[in-house]
Amino acid sequence: MQSSKMKKDESFLGKLGGSLARKKKSKEVSDLHEEGKNAINAPLLPSGTEIHPEDALLEENAERIMLDPASRENPKFKDLVKTLTEWINSELEEDRIIVKDLEEDCYDGQVLQKLFEKLSGRKLNVAEVTQSEIGQKQKLQTVLEAVNSVLRPHGWTVEWSVESIHSKHLVSIVYLLVALAMHFQAAIRLPEHVSVQVVVVKKLEGILQTAVVTKELTTTTEMMIGRFERDAFDTLLDHAPDKLNVVKSSLITFVNKHLNKLNLEVTELESQFADGVYLILLMGLLEDYFVPLYNFFLTPESFEQKVHNVAFAFELMQDGGLMKPKARPEDVVNLNLKATLRVLYNLFTNYKNSE
């Protein structure tokens, strides 16, 4: 009886062992399959990037785009995001709109609507506040149609959509803001040569395909400025240098008429306004007020101090009711003749009859 019981136990253990062995083998096969899949996908994916469960729910030919985590932490990309955020806050300060996070604050169309209206001077027919997803997408549709109608004729490639913006795809939002900043000649300096990597997940014939794509967000400052619409000063410099001297002479006469009151005189427009001091003093004279010396650097030494001065002069111009200058403070400091001429000509147009 004992022998029979032992055989029965051995038979039971054998079956149990066989069952465990089959499960172990099945798990090994499953692990091997997963390892093989990872081995195929691994070279395509940047480190730290994961395929999310929702990707399996993608419809046929649909795709999802993700920003590579390493690119998100890239100092130049972070600087670009910071510059754009500060620019939006500066533009929408009067509307008491404060943007802290581009993804969370721009996806519903509210900020983009206000920004486009401010830049273009065009009022859009959209609901002010929309809480529902359908309402937000309808607003985005209207805003992006208006944006695209302005940008497309000037050769801009549309790298954004209602879906990508509403799904908080940061690269699409940044693409859009860079295009707006460049087209409307924002008074900011965008960091050069900013590129990021994005992971594109697409479903083809029921199988998820992944690819890594490099997106170039900014180029050189010279090329980005070149995208701006040419104005009268471009034509003047390229085709009528003789007339340019007449314009410069008129501007020199205008500024000296006022600066002479402080026993100051300008002979070179490009260099003598580059540190911002004469611009600040000129604004005080034109608006008839004294600018406290602690508000600016009277003898600026560094590039940053000069930029501070020119930017402060631009603020004084806006306080006087003038439009924000199309030039950038950095361009004036860098002796960019066209930038300086644009600023001075704007003052001349508004104050030419001032005594």
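The expected span is 1.5 Å times one less than the number of residues, and helices are DSSP runs of H or I with at least four residues, numbered from the N terminus. The model is a predicted one, in which local features need pLDDT of at least 70 and side-chain atom pairs pLDDT 80 or more, whereas totals for chains, interfaces and linings use all residues. Residues are numbered from 1 along each chain as its sequence is written, and side-chain values use heavy atoms, without hydrogens or water.

- The N-terminal end of H16 is capped by Asn336, with a side-chain oxygen 3.1 Å from the backbone nitrogen of Lys338.
- Such a polar contact is a pair of N or O atoms within 3.5 Å; within protein, one must be able to donate a hydrogen and the other to accept it, and residues adjacent in sequence count only if both atoms are side-chain atoms.
- Leu335 is partly exposed at 47% relative accessibility, a class that lies between buried and exposed, the latter being over 50%.

- Most residues other than glycine have a negative phi.
- Arg96 is not a glycine, yet its phi is positive, about 55°.
- The loop between helix H3 (75-91) and helix H4 (102-106) holds Arg96, which is exposed with a relative accessible area of 79%.

**Asn309 and its surroundings**

- Asn309 belongs to helix H14 and is buried, at 0% relative accessibility.
- A polar atom of the Asn309 side chain lies 3.1 Å from the backbone oxygen of Asp275.
- Leaving aside residues up to four places away in sequence, Asn309 touches Asp275, Gly276, Val277, Ile280, Phe296, Phe297 and Pro300, contact meaning heavy atoms within 4.5 Å.

**Nonpolar surface patch**

- Phe290, Leu293 and Leu298 make a nonpolar surface patch of about 350 Å².
- Patches consist of residues with over 30% relative accessible area and no salt bridge, like charges being joined within 9 Å and nonpolar side chains (Val, Leu, Ile, Met, Phe, Trp, Tyr) within 5 Å.
- Accessible areas come from the Shrake-Rupley method with a 1.4 Å probe, and for residues only the protein chains shown count as cover.
- Leu298 lies in the loop between helix H13 (277-287) and helix H14 (303-319) and is partly exposed, at 47%.

**Salt bridges**

- There are ten salt bridges, each defined by a side-chain nitrogen of Lys or Arg within 4 Å of a carboxyl oxygen of Asp or Glu.
- Lys82 and Glu86 pair with their closest N and O atoms 2.8 Å apart; both lie in helix H3, four residues apart, about one turn of the helix.
- Lys118 and Glu91 form a salt bridge at 3.6 Å, N to O.
- Lys118 is in helix H5 (residues 110-120) and Glu91 in helix H3, so this pair ties together parts 27 residues apart in sequence.
- Lys118 is partly exposed at 37%, whereas Glu91 is buried at 9%.
- Lys123 and Glu117 meet at 3.8 Å, N to O; Lys123 is exposed at 61% and Glu117 is buried at 11%.
- Glu133, Lys137 and Glu163 are joined in a network of salt bridges.

Note on methods. Helix = DSSP H or I, 4+ residues; strand = E, 2+ residues; numbered from the N terminus. Buried < 20%, exposed > 50% of the residue type's maximum accessible area, 1.4 Å probe, protein only.
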